[in-house]
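Here is a friendly walk through one protein model, from its inside to its surface. Please keep the sequence and the 3D view open as you read.

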Amino acid sequence: MGWRQAAPWLAAWLVAGGAGVVHQWQTTRIGALGDYAYIMDTAWRIAQGEVMYRDFVLPHSPLTFHVQATLIKLFGFSYQVTAWYCTVVNVLYVLLTYRLIRVLVSAWLAVGLCLPLVWLAPHSIYPHPFYDPDAALLILLNLNLLHWVVMRPVSPAVAMLCGATTVLPALAKQNVGYPYLGLVLVGVAWWGWWQKRWNEAAGVEPVGNPGGVRWFGVGVVGGIVGAVTWLGMTCGLENYWFWVFVSASGRLNLVTIQETYGDWSVWSVGAVLILGWWLWLRYQKRTGPSWVMTVSWALLLGPFVVVLALSFLVGHLFVWFDYPLLSLWVPVMMLTLVAGLWQLPSVARRATSMVGESLPWIGLTVVFFSFLSQGHARSSYGIWAFFVVMVAYALRPLVGERRQALVGWGMASLLMLSALPYIQRNVRMRYVGLVEGPRQTVSVGPLRGFTAFSPQLSNFGELLGFVANYIPEDEPVVCVPHEDPFYVVTGRRDPLPITVFDRTASPFSPEEVLKEVERRRVTWVIVKRRLQMDWILAREIKGLRELFMGRYQVAAQFDGYVVLHRPAREETSAR
């Protein structure tokens with residue numbers, strides 16, 4: 001590999017390293033105790049031998065929790081381990097995105113389009129392990145493996161191993177991973193079997209390695225069989241189906257669809273992008289008035305310029321638009337849909353790259369189903385790679401390498417600058433309460449390095465001191481609403497079969513929770529008074545705190561917590 005070929009790769013590594021540095025910086029600025037507790041306390045239960053969906057319930061796919069449980073088994077629990085895990089995810093996320101974009105555009109343009117990911121890689125926005133970034137990373141990995149199998153001669157065994165990874169995104173996040181799995185199966189069937197007959201009938205030489213694709217498809221089927229077998233032998237398929245699909249479907253909300261797609265202005269912006277793209281296509285190969293290309297550039301770059309201006313004017317000059325950066329999602333989706341449909345006839349005649357021709361539909365599918373969870377405002381943080389992939393696909397047919405590069409770098413530069421205030425203001429993390437007090441950072445113990453706004457961590461430290469001194473390790477403790485990583489930090493076992501007090505995660509009403517606590521002879525209940533995610537959790541546990549306060553005695557009160565106790569003899573007499 002010569003210097004000219006190596007230089008873009010080195011630049012991509014620098015961009016990826018920048019995303020890793022931004023994540024480490026982000027860990028010094030913000031932390032979400034409730035979300036972190038959900039992942040790590042669940043992983044702790046798995047590390048102690050409990051089985052998801054059988055011993056305890058939750059409406060999410062298992063992979064992220066099992067990955068963190070494995071890290072706990074290998075290294076013990078440490079916040080630093082989870083932080084470095086997220087840094088590695090950020091770096092790999094950018095590198096895999098770069099390699100995928102290279103299927104569509106030149107090396108240096110691919111580097112430019114990846115620049116915004118320094119700020120918009122998932123853990124640059126959200127600093128803790130979570131299933132959204134894991135699912136996106138696994139999709140990027142699988143697409144890169146699929147492209148490699150398509151374009152290179154590989155052995156059947158290697159192709160099958162690569163194909164088996166297709167099921168992993170479904171095990172990370174069901175509403176994204178399963179639609180992706182279905183798309184890959186259709187693509188593999190077309191490319192590996194049907195297209196061969198199509199090419200033979202048309203007298204066209206096949207492109208790539210159809211035999212490798214067929215073995216990749218065999219690997220996909222093998223991965224599905226392996227996953228079904230594993231789930232059936234551990235938690236049981238019925239339990240998995242109920243909690244991952246039936247229960248999780250309760251999270252679907254038509255309001256999020258309205259919030260994402262109901263604003264006429266984003267459709268207008270999409271029409272502007274499409275018009276600029278169409279003008280370029282129409283006049284790029286013919287002599288025409290020079291102003292047409294100028295208008296085309298203005299229409300393509302104009303929305304990005306407006307978003308940049310709004311991003312820095314939020315809160316000033318009567319501009320109160322909350323998420324200007326996120327308003328680009330729907331317009332870019334519209335542009336990608338039009339670009340994909342426009343290129344369908346040529347793809348049907350002779351597709352040059354299975355992955356390249358599939359990317360618009362994969363990108364649109366991943367984004368659409370991701371937004372079904374919590375809308376574009378809350379579910380986009382893990383999938384910005386697919387935003388830049390969709391932009392790259394729209395730029396692909398625009399002839400003229402210099403002009404294409406100028407527009408692509410212009411879009412990427414404007415997007416990167418627009419992302420600065422989005423990250424600096426922690427827009428995505430507003431739900432944790434950013435204005436309570438100064439930042440606090442844990443300096444010792446397994447949570448060393450965790451940062452949150454005062455007084456959350458000092459309150460939690462005060463509680464841990466009381467628990468260590470006054471609550472025996474063999475006595476069960478229930479935390480309401482379980483907003484802190486209590487169990488993984490203390491090494492205790494959660495006595496309840498639920499992980500969080502959430503309407504889709506808990507099968508119990510407040511009264512049933514109390515009965516379950518009494519049935520399991522829980523003698524200690526810790527009720528958190530000052531919640532970090534107050535506006536979210538307060539409505540989820542409405543009435544629950546009052547029920548416990550009526551049945552248990554107050555053993556201690558702190559600024560952030562009330563510790564309730566019911567001696568074992570009272571528990572026995574009540575029964």
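## Starting on the inside

Does Leu117 count as buried or exposed? Leu117 counts as buried, because its relative accessibility is 0%, under the 20% cut-off for that class. Please keep in mind that this is a predicted model.

Leu117 has its place in helix α6, which covers residues 117-120. Leaving aside residues up to four places away in sequence, Leu117 touches Ala19, Tyr93, Val94, Thr97, Ser124, Trp384, Ala385 and Val388. The chain also brings Ala16 into this picture: the C-alpha atoms of Leu117 and Ala16 are separated by 8.1 Å, although the two residues are 101 residues apart along the chain.

In soluble globular proteins, nonpolar side chains tend to be buried together. Here, the largest nonpolar core has 187 residues, and Leu120, Trp384, Phe387 and Phe548 are those with the most contacts inside it. Helix α4 (residues 79-101) gives the most to this core, with 13 residues.

What does Leu120 touch, not counting residues up to four places away in sequence? The list is Ile125, Leu325, Tyr381, Trp384, Leu415, Ala419 and Tyr422.

## Salt bridges

The count of salt bridges comes to 14. One of them joins the side chains of Glu483 and Lys528, at 2.6 Å from N to O. Glu483 lies in the loop between β3 (477-480) and α22 (486-490), and Lys528 in strand β4 (residues 524-528), so this pair ties together parts that are 45 residues apart in sequence. Both Glu483 and Lys528 are buried.

Helix α23 (residues 510-519) holds another pair, Arg519 and Glu516, which lie 3 residues apart, about one turn of the helix. An α-helix has 3.6 residues a turn, so residues three or four places apart point the same way. The side chains of Arg519 and Glu516 meet in a salt bridge of 2.8 Å, N to O. Arg519 counts as partly exposed because its relative accessibility is 47%, whereas Glu516, at 11%, counts as buried.

## A link between helices, and a network

The side chain of Glu518 meets that of Arg551 in a salt bridge of 2.7 Å, N to O. This pair links distant parts of the chain, with Glu518 in helix α23 and Arg551 in helix α25 (residues 544-551), 33 residues apart. Glu518 is buried, with a relative accessible area of 14%, while Arg551 counts as partly exposed at 40% relative accessibility.

## Out to the surface

Helix α14 (residues 254-261) has Thr256, Thr260 and Tyr261 as its buried residues. Seen down the axis of α14, these buried residues fall within an arc of 105°, so they line one face of the helix. The face turned away from that buried side carries the exposed residues Leu254 and Gln258.

Which residues form a nonpolar patch on the surface? They are Leu185, Val221 and Val225, which together have about 230 Å² of accessible area. Val225 is found in helix α12 (residues 210-234) and is partly exposed, with a relative accessible area of 48%.

Note on methods. Residues are numbered from 1 along each chain as its sequence is written. This is a predicted model: local features need pLDDT of at least 70, side-chain atom pairs count only at pLDDT 80 or more; totals for chains, interfaces and linings use all residues. Side-chain values use heavy atoms; hydrogens and water are left out. Buried means under 20% relative accessible area, exposed over 50%, partly exposed in between (1.4 Å probe, protein chains only). Helices (H or I, at least four residues) and strands (E, at least two) are DSSP runs, numbered from the N terminus. The arc is that of the directions from the helix axis to the C-beta atoms. Patches are made of residues with over 30% relative accessible area and no salt bridge: like charges are joined within 9 Å, nonpolar side chains (Val, Leu, Ile, Met, Phe, Trp, Tyr) within 5 Å. Accessible areas come from the Shrake-Rupley method with a 1.4 Å probe; for residues, only the protein chains shown count as cover. A salt bridge is a side-chain nitrogen of Lys or Arg within 4 Å of a carboxyl oxygen of Asp or Glu. A nonpolar core is a set of buried Ala, Val, Leu, Ile, Met, Phe, Trp, Tyr and Cys residues joined through side-chain atoms within 4.5 Å. Contact means heavy atoms within 4.5 Å.
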